[in-house]
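Here is a short walk through one protein model, written for someone new to reading structures. Keep the picture open beside the text and look for each part as we come to it.

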Amino acid sequence: MIPFRDTYRDIPLYSPAKKPCRVDLSDNTNLFGPPPSAERVLREEGLQRLSRYPASYAPDLKRAVAAYAGVAVENVTTGCGSDDVIDCALRAFLEPGDAVAYPDPTFVMVPLFARLSALPPVPVPLKADHDVDVDGLLATGAKLIYVCTPNNPTGTVASRAALERLVDRAPGVVLIDQAYVEFAKGGDFMDLARTRPNVLVTRTMSKAFGLAGMRVGWGVGAPELVAEVEKARGPYKHTALGEAVAIAALTDDVPWMEACVAEAVENRERLRGGLKALGLEPLPSEGNFLLVPVPEARRVGEAMRERNVNVRVFERLPGVGDALRIGCGPWPLMASALKALKEVL
Ligand code: PMP
């Protein structure tokens, strides 16, 4: 017997149900497609970039992120998706055995990343009003507290009062995952990343910017904090192409991104109306998705997939129960989801 790691024995692979469907609303990506500049970059620079390594710690991408986020280059780290920035931060700030605390429910990868680094995950239920339970999170004593806002999968947001109190009192780093912040009405915590010594805000090119396939994410924090994450990250985490496409999008396609966001948000609220007409009660959302409690969500999700619509199924979510998470984009896709759901119900 090869002596594999004890802590890895029960770790599953991440595997959301993914039967190919004509309408895929399961992963909260930009359903309007990739940003316009991507085609030009791939055409003009694609081949010539393939044979050489990119610069080791992505200085050009960091400059583009810094300009977009209104921070200094020294405040920025980047990674292979924001998944990677989160994973690196856990490794950078914690020793094996240290706890990672987070509101529950939240992004499913966080407890998984914790376990991959032998860090016990400590869930703390969201409050009934969907805000974070600051005292509950602090009571864990965890040296890293993760908060996602807008939160995946609920779409709900953490209040500024709660987050500021958490950041003031936390014994270690507070990682604020803002993968969906472009879709929110305010609730941007970049100012805390700029001014506090213990805040890392993570962001991504995968959602509003339509580049999930390129795997580019970034984080902002104090220079000393970010330098530790860069150690855990190591060099060459991006492809040269991913970097070039992300730089072009951040530089040239912000108005395009904002137009996609506006339409996704408008259609999210129109979808909410359609779901309410079916007698359902979606949670308040500031992301590009709605979480709608539905009994027997697994059966309903499978029946929707048979109708060529893929939505994300959640079972027994704390405080919510069974639910479907429906990504929002062009209205014809939303109409397909509503039609399928109506037939199934
Ligand atoms: N954070 C949240 C809350 C997410 O939902 C996701 C994607 N599902 C990520 C981070 C990771 O995205 P990426 O690695 O593509 O940047």
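Two strands are said to pair if DSSP finds at least two bridges between them. Helices (H or I, at least four residues) and strands (E, at least two) are DSSP runs, numbered from the N terminus. This is a predicted model, in which local features need pLDDT of at least 70 and side-chain atom pairs count only at pLDDT 80 or more, while totals for chains, interfaces and linings use all residues. Residues are numbered from 1 along each chain as its sequence is written, and side-chain values use heavy atoms, with hydrogens and water left out.

**The sheet of 3 strands**

Let us begin with a pair of bridged residues. Leu 317 has Gly 321, in E12, as its bridge partner. Strand E12 (residues 321-327) runs antiparallel to E11, and 4 bridges join the two. They belong to an open sheet of 3 strands with the order E9-E12-E11 and antiparallel pairing. Strand E9 (289-293) and E11 are at the edges with a single partner strand each, so one side of each has no neighbour in the sheet. From one strand to the next, the twist averages 25 degrees. Angles here run from 0 to 180 degrees between N-to-C directions, and axes are lines fitted to C-alpha atoms, for helices over the stretch in contact. Helix H10 (residues 254-277) lies across E9 and E12, at about 20 degrees to E9; contact means heavy atoms within 4.5 Å.

In general, strands of a sheet pair through backbone hydrogen bonds, either parallel or antiparallel. The next open sheet has 7 strands in the order E2-E8-E7-E6-E5-E3-E4, with mixed pairing. Its edges are strand E2 (76-79) and strand E4 (121-125); each has a single partner strand, so one side of each is left without a neighbour in the sheet. Neighbouring strands of this sheet are turned by 25 degrees against each other on average, direction ignored. E2 and strand E8 (residues 217-220) run antiparallel and are joined by 4 bridges. Among these strands you can look up Thr 77, whose bridge partner in E8 is Gly 219. Helix H8 (residues 223-233) packs on the sheet, touching E2, strand E6 (173-177), strand E7 (199-204) and E8, and its direction makes about 25 degrees with that of E2.

**Two domains**

Now step back to the whole protein. It is divided into domain 1 (18-33 + 255-344) and domain 2 (36-252), with bounds that come from an automatic or database domain assignment. The C-alpha centres of domain 1 and domain 2 lie 25 Å apart. Their contact takes 25 residues from domain 1 and 26 residues from domain 2.

**Pockets and cavities**

Grid points are joined across faces, edges and corners, and a volume is the space filled by probe spheres set on the points.

| Space | Volume |
|---|---|
| Largest pocket | about 530 Å³ |
| Second largest pocket | about 430 Å³ |
| Largest cavity | about 50 Å³ |
| Second largest cavity | about 30 Å³ |

The largest pocket is lined by 28 residues, and the closest to its centre are Tyr 14, Asp 27, Asp 83, Phe 107 and Lys 207. Helix H3 (81-93) and strand E11 (312-317) are the elements that give two or more residues to this lining. H3 gives the most, with 3 residues. Both domain 1 and domain 2 supply at least three residues to the lining of the largest pocket.

Which element gives the largest share of the lining of the second largest pocket? It is E11, with 6 residues. The residues of this lining divide into 12 nonpolar, 4 polar and 7 charged. In this count Ala, Val, Leu, Ile, Met, Phe, Trp, Tyr, Cys and Pro are nonpolar, Asp, Glu, Lys and Arg are charged, and the others, Gly among them, are polar.

The lining of the largest cavity has 7 nonpolar, 4 polar and no charged residues. For the second largest cavity, the lining divides into 8 nonpolar, 2 polar and no charged.

Note on methods: On a 1 Å grid over the protein atoms alone, a cavity is a set of points where a 1.4 Å probe fits but cannot get out, and a pocket is an open set with protein on both sides within 12 Å along at least five of seven lines; lining residues have an atom within 4 Å of a point.
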